[in-house]
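Subject: Structure for you to look through

Hello,

Here is the structure I promised to pass on. Please open it and keep it beside you while you read the notes below.

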Amino acid sequence: MEICIRLEDVKRIYPMEAGDVYALNGVTLDIGVGEFVAIMGASGSGKTTLLNQIGCLDQPTSGNLYIEGKNTRELSDYELTNLRRDAIGFIFQKFNLIPLLTAFENVEYPLILKTGARDTTGRPADLLRLVGLDGGHMKHTPNQLSGGQQQRVAIARALANDPRIILCDEPTGNLDSKTGNQIMDLLTDLNRQGKTIVMVTHSDEIATYADRLITIRDGVIQ
Ligand SMILES: Nc1ncnc2c1ncn2[C@@H]1O[C@H](COP(=O)(O)OP(=O)(O)O)[C@@H](O)[C@H]1O
Ligand SMILES: [Mg+2]
């Protein structure tokens, strides 16, 4: 198995007045290129903290995180920003779209961050069509779209820079089960196309879409 993501004894400790919180307490984990992994665990067990570490949104207190063989500790801020932008796409439970931008503009936004200019390739529209939205919806702002449509926009946005890794935190948590299953079919397709997917979920049913299940409890993988 070619390793995509490697964690070596990763700890993330939040210093709090009442005492240190060991959100991750020594996580060692390998995820292979092209794997589809589900992370489960009770509320407060450290799932989001783990996903944020993998997404380089936060640094481990101790231990090492390797993305595609690179030790993230050894990267400059500039290199880390580029890695996060180019290798990793995020999908969240609450969609996290920019409310004042249209669906098209939300998907275009990461492309502008990368190139410094507005898109001239038609890629945002191509991606929105890929996730099942038509031309009319592209001009809508998030509040004019259903939850399922907003999550499709969020997936298109996550794909904008053609990441190799997709991280999802409860991607169907705000959707009814039929819409949730449609979103999972979309993620399954992306995985078949070779994307490595790491997904946090509360739901046993949603977890069955993954190839491997990881359970975390009190910051430790079981
Ligand atoms: N920014 C933070 N500051 C302090 N404690 C935090 C912070 N984020 C998470 N925690 C604590 O770390 C633990 C794990 O949280 P989290 O990763 O959000 O769990 P989950 O996603 O599984 O519900 C919890 O005890 C939580 O209260
Ligand atoms: Mg969480």
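The notes below go through the annotation, the ligand, a helix, a sheet and a few single residues.

This is a predicted model, in which local features need pLDDT of at least 70 and side-chain atom pairs count only at pLDDT 80 or more, while totals for chains, interfaces and linings use all residues. Residues are numbered from 1 along each chain as its sequence is written, chains are lettered from A and ligands numbered from 1 in the order in which they are written, and side-chain values use heavy atoms, with hydrogens and water left out.

The annotation

An unreviewed UniProt entry gives residues 5-222 the annotation "domain: ABC transporter". Positions from UniProt are in the numbering used here, feature names are shortened, and annotations may be inferred rather than shown by experiment. The span 5-222 is 35% helix and 27% strand, and its end C-alpha atoms are 18 Å apart. Helices (H or I, at least four residues) and strands (E, at least two) are DSSP runs, numbered from the N terminus.

The ligand

Which residues are around ligand 1? They are Tyr14, Met16, Val21, Ala23, Ala42, Ser43, Gly44, Ser45, Gly46, Lys47, Thr48 and Thr49. A residue counts as near if one of its heavy atoms lies within 4 Å of the molecule or strand in question. This shell has five nonpolar residues, six polar and one charged; here Ala, Val, Leu, Ile, Met, Phe, Trp, Tyr, Cys and Pro count as nonpolar, Asp, Glu, Lys and Arg as charged, and the others, Gly among them, as polar.

Polar contacts are pairs of N or O atoms within 3.5 Å; within protein, one must be able to donate a hydrogen and the other to accept it, and residues adjacent in sequence count only if both atoms are side-chain atoms. A polar side-chain atom of Tyr14 is 3.5 Å from a nitrogen atom of ligand 1. Gly44 has a polar backbone atom 2.7 Å from an oxygen atom of ligand 1, and for a polar backbone atom of Ser45 the distance to an oxygen atom of the ligand is 3.2 Å. On its own, ligand 1 has 560 Å² of accessible area, of which the protein covers 61%. Such areas come from the Shrake-Rupley method with a 1.4 Å probe; for residues, only the protein chains shown count as cover. Strand S2 (21-32) and helix H1 (47-54) are the elements that give two or more residues to the shell, and H1 gives the most, with three.

Helix H1 and what follows

Is H1 mostly buried or exposed? Six of its eight residues are buried, so H1 is largely enclosed by the rest of the structure. Buried means under 20% relative accessible area, exposed over 50%, and partly exposed in between (1.4 Å probe, protein chains only). The buried residues are Lys47, Thr49, Leu50, Leu51, Gln53 and Ile54. Just after H1, Cys56 has a positive phi of about 60°. Cys56 is in the loop between H1 and strand S4 (62-67), and is buried at 4% relative accessible area.

Six strands form an open sheet in the order S6-S7-S8-S3-S9-S10, with mixed pairing. Two strands pair if DSSP finds at least two bridges between them. The edge strands, each pairing on one side only, are S6 (88-92) and S10. S9 and S10 pair in the antiparallel sense over two bridges. Asp218 lies in the loop between S9 (212-217) and S10 (220-221). Asp218 is not a glycine, yet has a positive phi of about 50°, and is exposed at 59% relative accessible area.

Regards
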